[in-house]
Amino acid sequence: MGSAGDLLAASGGTLGDLRVSAIAVPEPLTATPGIDVMELRRIMLERHARYVPVMDGGTLMGVVSFHDVAKAVYEEQSFENQMLKSYIQDSPV
């Protein structure tokens, strides 16, 4: 199976009767609702995945983007940073 770009180039830039099955990934990366965000981030980086369907059994619950994951990690780290600063400021000298 070639990439969509390869198939499009081979067909002279027209889709013609090209079927989705010719370009679809047979076993795409998916996540479950209970996966740890840092684990999902690691997997998305390894697989160069921009979007990951979130599946609960055979039901699509939604799609998470790498931006969503990066934002969650940033917010968690910002919260931890604030908590540490607060702890340091409240510590006796």
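Which residues does Ser65 touch, not counting residues up to four places away in sequence? They are Met44, Arg50 and Tyr51, where contact means heavy atoms within 4.5 Å. Keep in mind that this is a predicted model: local features need pLDDT of at least 70, side-chain atom pairs count only at pLDDT 80 or more, and totals for chains, interfaces and linings use all residues. Residues are numbered from 1 along each chain as its sequence is written, and side-chain values use heavy atoms, with hydrogens and water left out.

- You'll find Ser65 in strand β2 (residues 59-65); strands are DSSP runs of E with at least two residues, helices are runs of H or I with at least four, and both are numbered from the N terminus.
- Ser65 counts as buried because its relative accessibility is 11% (buried is under 20% relative accessible area, exposed over 50%, partly exposed in between, with a 1.4 Å probe and protein chains only).
- Lys71 sits in helix α3 (residues 66-90), and it counts as partly exposed because its relative accessibility is 47%.
- From C-alpha to C-alpha, Lys71 and Arg50 are 14 Å apart in space, and they are 21 residues apart in sequence.

**Two loops**
- His48 is in the loop between α2 (37-47) and β1 (51-56).
- The phi of His48 is near 55 degrees, a positive value in a residue other than glycine.
- With 71% relative accessibility, His48 counts as exposed.
- Leu15 belongs to the loop between α1 (4-10) and α2, and at a relative accessible area of 58% Leu15 is exposed too.
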